[in-house]
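Hi,

Here is the structure I said I'd send over.

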Amino acid sequence: MIRVGIGYDVHRLAQGRKLILGGVEIPHAAGLEGHSDADVLMHAVCDAVLGALGEPDIGQLFPNTDPRWKNAPSRVFLEEAARRAAARGGRIVNIDATVLAEAPRLAPHIAAMRANVATALGIRSDCVGIKATTNERLGFVGRQEGIAAIAVASVDLPE
Ligand code: MG
């Protein structure tokens with residue numbers, strides 16, 4: 001049975017933080033605030049996979065009150081989502097995601113992000129789609145107050 005899940009996440013931009021998207025450290029004047037490495041793209045992908053499985057979301061599995069996840073690389077969250085899919089006899093078919101960021105330009109980093117997400121999930125990178133768009137200077141993304149990401153996952157699960 002093919003199941004789909006959706007994930008959405010936002011993190012606030014702040015000075016003095018690294019900008020990590022899809023596991024890639026991207027040079028920029030500000031980075032994303034959060035308990036973990038605040039990789040908004042990996043968080044959205046993680047929730048999409050968990051959603052397809054009908055499992056609790058990232059905030060429930062990895063609470064930001066737990067010191068274990070302080071500055072944690074978000075790859076570990078994806079690895080856990082993939083482990084849960086495999087434990088159910090499932091196979092992650094594909095991922096598609098969009099990052100909403102006014103700046104910086106993400107195009108040069110997309111290939112590395114796809115490879116990182118694919119590796120963390122144990123799938124081929126041609127099964128991972130990642131796009132980036134600006135928000136046409138509108139809203140909190142447009143004012144560069146934060147970066148958002150949205151993702152869908154398709155998982156083939158035994159009935
Ligand atoms: Mg998050």
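Is His-43 buried or exposed? With a relative accessible area of 7%, His-43 is buried, because anything under 20% counts as buried. Keep in mind as you read on that this is a predicted model.

That histidine is part of the metal site. The magnesium ion is coordinated by His-43 through ND1, by His-11 through NE2 and by Asp-9 through OD, at 2.1 to 2.2 Å. Along the sequence, the spacing of these donor residues reads D-x1-H-x31-H.

You'll find Glu-102 in the loop between β5 (91-100) and α4 (110-121). Glu-102 is buried but has no salt bridge. Its nearest side chain of opposite charge is Arg-137, 5.0 Å away, and a salt bridge would need to be within 4 Å.

What does the side chain of Glu-102 have by way of backbone partners? A polar atom of that side chain lies 2.9 Å from the backbone nitrogen of Asn-135, and the backbone nitrogen of Arg-137 lies 3.1 Å from a polar atom of the Glu-102 side chain. Leaving aside residues up to four places away in sequence, Glu-102 touches Thr-134, Asn-135, Glu-136, Arg-137, Val-141, Gly-142 and Gln-144.

Cheers

Methods
Residues are numbered from 1 along each chain as its sequence is written. This is a predicted model: local features need pLDDT of at least 70, side-chain atom pairs count only at pLDDT 80 or more; totals for chains, interfaces and linings use all residues. Side-chain values use heavy atoms; hydrogens and water are left out. Helices (H or I, at least four residues) and strands (E, at least two) are DSSP runs, numbered from the N terminus. Buried means under 20% relative accessible area, exposed over 50%, partly exposed in between (1.4 Å probe, protein chains only). Lys and Arg count as positive and Asp and Glu as negative; His and the chain ends are not counted. A polar contact is a pair of N or O atoms within 3.5 Å; within protein, one must be able to donate a hydrogen and the other to accept it, and residues adjacent in sequence count only if both atoms are side-chain atoms. Contact means heavy atoms within 4.5 Å. Donors are N, O and S atoms within 2.8 Å of the metal (3.2 Å for Na, K and Ca); water is not among the atoms, so sites may look incomplete.
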